[in-house]
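Subject: Structure handover

Hello,

Please find the sequence and structure here. My notes on them come after.

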Amino acid sequence: MRILGIETSCDETAAAVVEDGRYLISNVVASSMALHAVYGGIVPEIAARSHIEAIIPVIDQALADASCSWAQLDGIAVTYGAGLNGSLLIGVLTARSIALCRHLPLYAINHVEGHVYANFLTDTSLPGYTLPARQPLFPLLALIVSGGHTQLVLLHDHFNLTLLGRTQDDAIGEAFDKVAKMLGLPYPGGPSIGLAAKAGDPYSFRLPKAHLTNKYDFSFSGLKTAVLRLAQEQVGESFGFPSIKLPERLNEAQRANIAASFERIAVETVVDKTISAYEEYQPAAVVIAGGVAASTELRRQLTERLPVAIAYTDPKLCTDNGAMIATIGCYKFKQHQPLADPYSLAIAPDLTM
Ligand code: KG4
Ligand code: ZN
C-alpha cells in the first residue's frame, strides 16, 4: 500500500511517498526559508506564494523519485491544520483536486500528530538517512517539540491518545527562534543557538524553569523574557533597552554563554517532564518529534537521563516533511479511518490534538 503525503503548513512545500507505513520511498522538501531569513521569521504571504510555485514540481518529483505512477497510489494524505491559513490552503486545495481527478481516497492529517509518525519509518533506499531499526511500541510517550507546538502525548494505540500537557504560551522552537534574534544569530534559531552554544558555558548563567499547575504543561515566555533581561544586563543597559540593538552590543563570549545557558535550561525543561511522564505511565517506548527533536543537546540529555534506550529518527524527518504525513496516512488507510471529502475539506489553522 502506497500513500502520497503532502505538507504545506508553514514554509516547507513537501511531498513524499511511503509504503506500508514504514518504508520511505521518496521525500522531497522545498523550503522558502532563505526568503524569510532576512526578516528573522516566517512571512505568511511569502510562504503562501512560494507554495503555489513549488507544489506541483515537488509532487511530480516525489512521484518520479519513487518511480510511482498515479495508478500505483492507494491514497493521498494532506495536512489540513494546524498552520498558516494561506500555506494550508495551497496543500489542501491541491490534494483535493488530485483526489477528485485521480479517484483516490483523501485523508486529512493533523500536522502535530503527523510529526510523531516520522518515528515509524524504519526502511529506505534513499541515501543519507539514518532510521531506527524497529518501530516504536504502544503505549508510546511522545514529546512533540516544534516551532508552533510543545506537547507531551501518550498514544495508547494508533488514533487513541491522551494529551498529558501542552504549552500555555510560546512553543519551545519559538523561544529558540526569538532568543536567536535577540542574540543576533540567524533564523531558524534552533540550529544556530546549538552551534553558538558549543563555544559557551551552559552553567554561566542561572535561568528560570516555569512550574505550572499541571506538571506536564509548559511555558517558555518567562524564560524568553529572562534571557532578554540577562542580555540587557550584560551590555550594561536597563530593561528599557531595545532588543533589536542587543546583537551589536554583545561580544562573542557573552553571546555563546547566553546561548549555551538558554539551550541547557530550555532542553532540561522538556526532558524533566518527559522523565516524569515516563516514570508515571511506564510506556513501552518514548519518541521525540518536531523540528526541535533534531537538537543534539535534546538527544544528549534525553539519552543520558532516560532509564531505557531511545531510538531517534533522522534529523531531516524531524523538521516539516511529507514523509511523516504519508506515514500517518498509511495507518489511516490500514485502520479504515474516516475519509475526507475532496469536495469540501476545509483548512483548520487552529487545530489542536
Ligand atoms: O517542526 P518544524 O519544522 O515546524 C513547525 O511545525 O513548527 O519546527 C521548526 C522549529 C524551529 O523553531 C527551529 O528553530 C527548530 O524547529 N529547529 C531546531 C533544529 N532544527 C530546527 N531546534 C533545535 N535544533 C535543531 N537542529
Ligand atoms: Zn512541524
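The notes below cover helix packing, the ligand site and some backbone geometry.

This is a predicted model, in which local features need pLDDT of at least 70 and side-chain atom pairs count only at pLDDT 80 or more, while totals for chains, interfaces and linings use all residues. Residues are numbered from 1 along each chain as its sequence is written, chains are lettered from A and ligands numbered from 1 in the order in which they are written, and side-chain values use heavy atoms, with hydrogens and water left out.

Helix packing

Helices (H or I, at least four residues) and strands (E, at least two) are DSSP runs, numbered from the N terminus. Axes are lines fitted to C-alpha atoms, for helices over the stretch in contact, and angles run from 0 to 180 degrees between N-to-C directions.

Helix 7 (residues 221-234) packs on helix 9 at about 160 degrees, with the axes 11 Å apart. Helix 7 is therefore roughly antiparallel to helix 9 (angles under 35 degrees count as roughly parallel, over 145 as roughly antiparallel, 65 to 115 as roughly perpendicular and the rest as oblique). In this contact (heavy atoms within 4.5 Å), Leu223, Val227, Leu230, Ala231 and Gln234 of helix 7 meet Gln254, Ile258, Phe262, Ile265 and Ala266 of helix 9. By class, these residues are eight nonpolar, two polar and no charged (Ala, Val, Leu, Ile, Met, Phe, Trp, Tyr, Cys and Pro count as nonpolar, Asp, Glu, Lys and Arg as charged, and the others, Gly among them, as polar).

Helix 9 (residues 252-281) also packs with helix 10 (residues 296-305), at about 40 degrees and with axes 10 Å apart. Helix 9 is therefore oblique to helix 10. Their contact has six nonpolar, two polar and six charged residues; among them are Glu263 and Arg264 in helix 9 and Glu297 and Arg305 in helix 10.

Ligand site

Ligand 1 is surrounded by 19 residues (a heavy atom within 4 Å), and the closest are His115, Gly147, Asp177, Gly190 and Gly291. Backbone N or O atoms make polar contacts (N or O pairs within 3.5 Å) with oxygen atoms of ligand 1: the distance is 2.9 Å for Gly190, 2.9 Å for Gly291 and 3.2 Å for Gly148.

Backbone geometry

The Gly81 to Ala82 peptide bond is cis, with omega near -10 degrees. Phe138 and Pro139 are also joined by a cis bond, with omega about -5 degrees.

Regards

Definitions and conventions:
Polar contact = N/O pair within 3.5 Å; in protein donor to acceptor, adjacent residues only side chain to side chain.
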